[in-house]
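Let me put the structure up, and then we can walk through it together.

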Amino acid sequence: MKIAIVASEGAPYIKSGGLGDVMEALPSALARIPGNEVVLILPYYNKIKHDPNRKVEQLKYFNVQLGWREQYCGVMKLCDRDDGVQVLFIDNDYYFGNRTGAIYGDGDDCERYAFFSKACLDTLDALGFYPDVIQCNDWQTALVPIYLSASYHHRFPYTKCMYTIHNIEYQGWAPGNFFDDVLGLPWHFRNRLDMNNSVNLMKGAIETCHMLTTVSQTYSRELMYPYYAHGLDGVIANAAWKLTGITNGIDCNTFNPETDPNLPAHYNADTLGEGKAVCKVRLQEEVGLPVDPDTPLMVMVTRLAGHKGLDLLCYIARRLLWEEKCQLLILGTGEYQYEHFFRELSEEFPDRVAAKITFNLGLAARIYAGGDIYLMPSKSEPCGLSQMNAMRYGTVPVVHATGGLKDTVPPCDENGEGGLGFTFQSYNGDDFYATVKRCLSLYNRDRDAFRALQERDMRQDFSWDKPAARYMELFHQMLGK
Ligand code: GLC
């Protein structure tokens with residue numbers, strides 16, 4: 001099958017969050033399936049352009065028409081990927097070059113990704129690669145199914161489009177006149193993109209795609225409710241007939257405690273006792289916490305954003321530190337209020353709390369390995385990957401039972417039996433508090449049972465093999481085969 005995957009980020013080239021990880025591993029998993037030809041298209045951001053590790057060649061260049069604009073588009077092919085995925089970068093300095101700072105957040109983001117989406121279709125056409133399936137992701141590529149059905153169907157008569165929602169919070173809102181000024185779509189598409197007299201790109205994609213997926217089963221059901229859908233619950237409900245949830249995997253080669261080059265010691269489920277203990281002690285040294293193998297170390301690697309449940313942690317942190325013998329380590333950057341809170345907390349409890357307000361993949365791996373307990377109280381979580389990373393490294397998750405957290409962390413009882421971690425149902429600080437205490441109590445009371453739970457976590461299959469097979473089933477279904 002010929003598959004084109006279109007996304008605004010993909011590791012190891014460029015990544016701001018989980019979408020970037022998925023775009024590293026999913027294309028690769030699909031390319032491993034015999035008979036598949038996989039092309040991945042990403043924007044050629046400055047950071048990639050100036051990365052000395054990337055060898056590229058230009059395949060084509062042409063202009064892309066965007067409303068009244070004619071914009072240059074260069075198609076750059078990555079030369080040194082060896083897993084069968086062909087990676088193409090869309091080159092345009094005006095949209096992706098001379099920007100500083102983050103990938104997203106510019107005032108003209110909707111125009112940038114409108115250009116990108118249209119350029120992807122022009123690229124496939126120019127290369128004569130007419131895919132059976134285009135899989136696209138989040139609001140940035142929402143215009144792919146829309147352009148495909150509005151003005152490219154004669155060039156791609158047999159191509160079906162799957163649209164995947166990784167996070168419904170970001171929808172691609174633009175003012176009403178964006179439709180005429182930038183998009184250049186037939187007038188009858190106005191309705192599909194319209195929401196409260198503004199343009200909502202994600203809404204248009206949900207209505208237009210052939211198949212809609214999201215990144216866990218629970219999230220696919222949650223999206224029907226206003227609490228989770230950020231205004232799109234009605235639109236999702238109308239599209240429910242074509243909506244499926246496929247829970248993400250993680251890249252088990254990158255995230256492998258037996259081989260991870262970032263770790264001071266290696267281990268697997270059988271040698272967890274020795275290897276993980278070394279990782280813990282060395283981590284405590286590295287982050288400046290007192291070295292103590294017997295104090296439970298609670299960790300978090302996260303964007304410091306509200307929906308990650310940080311308000312709950314702020315609410316319980318002091319009480320927890322007063323009442324329990326434990327250490328807390330946080331790695332991440334984000335909203336000022338949380339950065340400030342955790343900095344202050346670490347000053348107040350220098351022997352108990354370490355806050356590393358930075359982005360550091362190596363340290364992240366050492367935290368997954370060196371921690372005992374992984375906290376993830378997200379308010380909502382489409383899938384979540386770090387709870388799986390944590391389990392793969394034998395760190396027991398404590399999570400809010402929502403979205404992918406609910407699907408990947410079945411609850412265990414107070415003896416650590418029957419599940420993979422500790423979960424709480426309703427989003428409030430007291431339930432979170434009680435759940436953390438249950439986990440700490442198991443650690444303090446019955447270390448063998450805690451160890452057995454860690455081993456079980458490590459033995460789970462979080463690889464992409466099963467999800468990739470599920471994507472294939474849906475692709476075949478779309479194609480009517
Ligand atoms: C988004 C979601 C996260 C998910 C990731 C990959 O970042 O917030 O829950 O794991 O996408 O699908």
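Let's begin with how the chain is divided. The domain assignment gives domain 1, made of 2-249 + 465-479, and domain 2, covering 272-458. Please keep in mind that this is a predicted model. Taken over C-alpha atoms, the centres of domain 1 and domain 2 are 33 Å apart.

So what does the meeting between the two domains look like? On one side, 19 residues of domain 1 take part, and they are in contact with 15 residues of domain 2. The size of an interface is often given as the accessible area lost when the parts come together. Here, domain 1 and domain 2 bury about 1,300 Å² between them, and 58% of that is on carbon and sulfur atoms.

How many salt bridges are counted between domain 1 and domain 2? The count is zero. Polar contacts are there, though: eight residue pairs between domain 1 and domain 2, with both residues at pLDDT 80 or more.

Which elements give two or more residues to the side of domain 1 that touches domain 2? They are helix 1 (18-31), helix 9 (217-222) and helix 10 (226-229). Helix 9 supplies the largest share of that side, with four residues. By type, the residues on this side of domain 1 divide into six nonpolar, nine polar and four charged.

Now to the charged pairs. Side chains of opposite charge can pair when their charged atoms come close. The structure as a whole holds 26 salt bridges, and I'd like to show you a few.

Take K15 and D21, whose side chains meet in a salt bridge at 2.9 Å, N to O. K15 is partly exposed, at a relative accessible area of 29%.

My next pair is R155 and D125, joined by a salt bridge at 2.7 Å, N to O. R155 sits in the loop between helix 5 (143-151) and strand 7 (160-165), while D125 belongs to helix 4 (residues 109-127), so this pair ties together parts that are 30 residues apart in sequence. R155 counts as partly exposed, with 31% relative accessibility.

While we are looking at helix 5, is it enclosed or open? Seven of its nine residues are buried, so helix 5 is largely enclosed by the rest of the structure. Those buried residues are L143, V144, P145, I146, Y147, L148 and A150.

Are the two partners buried or partly exposed? E207 counts as partly exposed at 35% relative accessibility, whereas K203 counts as buried at 8%.

There is also a network of salt bridges, and it links K49, D91 and D93.

Let me finish towards the end of the chain, with H476 in helix 20 (residues 465-478). H476 is partly exposed, with a relative accessible area of 32%. What does H476 touch, not counting residues up to four places away in sequence? Its contacts are M1 and K481. As for L42, H476 is 434 residues from it in sequence and 25 Å from it in space, C-alpha to C-alpha.

That's my tour, and I'm happy to go back to any view you'd like to see again.

Technical notes
Residues numbered from 1 in each chain as written. Predicted model: local features only at pLDDT ≥ 70, side-chain atom pairs only at ≥ 80, totals over all residues. Heavy atoms only, no water. Domains from an automatic or database assignment. Contact = heavy atoms within 4.5 Å. Buried area = accessible area lost by both parts, 1.4 Å probe. Salt bridge = Lys/Arg side-chain N within 4 Å of Asp/Glu carboxyl O. Polar contact = N/O pair within 3.5 Å; in protein donor to acceptor, adjacent residues only side chain to side chain. Nonpolar A, V, L, I, M, F, W, Y, C, P; charged D, E, K, R; others polar. Buried < 20%, exposed > 50% of the residue type's maximum accessible area, 1.4 Å probe, protein only.
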